[in-house]
Amino acid sequence: MFETDGVVRDPDDGDAVYSIVAHDWEDAAGTIHADGSYPTCLAEAASPAGHRAELTVIDWDAGGAQRVHVAVRVRCLD
């Protein structure tokens with residue numbers, strides 16, 4: 001689940017899915033990983049810890065009420 005800093009969470013946001021298509025990602029130390037690994041701050045095992053991440057997202061209107069969220073850049077903040 002993602003929560004945006006400084007934004008009150010909309011109850012309907014619970015069903016939002018983000019596709020991660022980033023070629024590489026940056027860890028909290030500033031190291032770029034381009035080895036096909038998944039961002040550690042987004043891994044399911046990390047979610048209960050409440051890690052922070054910065055996502056650069058393109059919202060694509062797929063027609064109707066459907067919006068697709070595509071993360072093209074991931075930076076782990078902690």
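Two strands count as paired if DSSP finds at least two bridges between them. Keep in mind that this is a predicted model.

Q: How do you know that β4 and β5 are paired?
A: The cut-off is at least two bridges, and strand β4 (residues 53-61) and strand β5 (residues 67-76) have nine, running in the antiparallel sense. So the pair qualifies under the rule of at least two bridges. Along this pairing, E54 sits opposite R75 of β5, and W60 faces V68 of β5.

Q: What makes β2 and β5 a pair?
A: Strand β2 (residues 25-26) and β5 share two bridges in the parallel sense. Since the rule asks for at least two bridges, two are enough. E26 has R75 in β5 as its bridge partner.

Q: How do you know that β1 pairs with β5?
A: There are three bridges between β1 and β5, in the parallel sense, and the threshold is at least two, so they count as paired. In β5, A71 is the bridge partner of I20.

Q: Why is V72 called partly exposed?
A: Its relative accessible area is 35%.

Q: Why does A29 count as exposed?
A: The label needs over 50%, and A29 has a relative accessibility of 71%, so exposed it is. You'll find A29 in the loop between β2 and β3. From A29 to R75 is 46 residues in sequence and 9.9 Å in space, C-alpha to C-alpha.

Q: How confident is the predictor in the protein chain?
A: The average pLDDT is 80, and 74% of the residues score at least 70. Confidence is lowest in strand β1 (residues 18-20), with a mean of 84, and highest in strand β3 (residues 32-33), at 96. As a rule, where pLDDT is low, the predicted coordinates should not be read in detail.

Conventions:
Residues are numbered from 1 along each chain as its sequence is written. This is a predicted model: local features need pLDDT of at least 70, side-chain atom pairs count only at pLDDT 80 or more; totals for chains, interfaces and linings use all residues. Side-chain values use heavy atoms; hydrogens and water are left out. Helices (H or I, at least four residues) and strands (E, at least two) are DSSP runs, numbered from the N terminus. Buried means under 20% relative accessible area, exposed over 50%, partly exposed in between (1.4 Å probe, protein chains only). pLDDT is the predictor's confidence in each residue, from 0 to 100.
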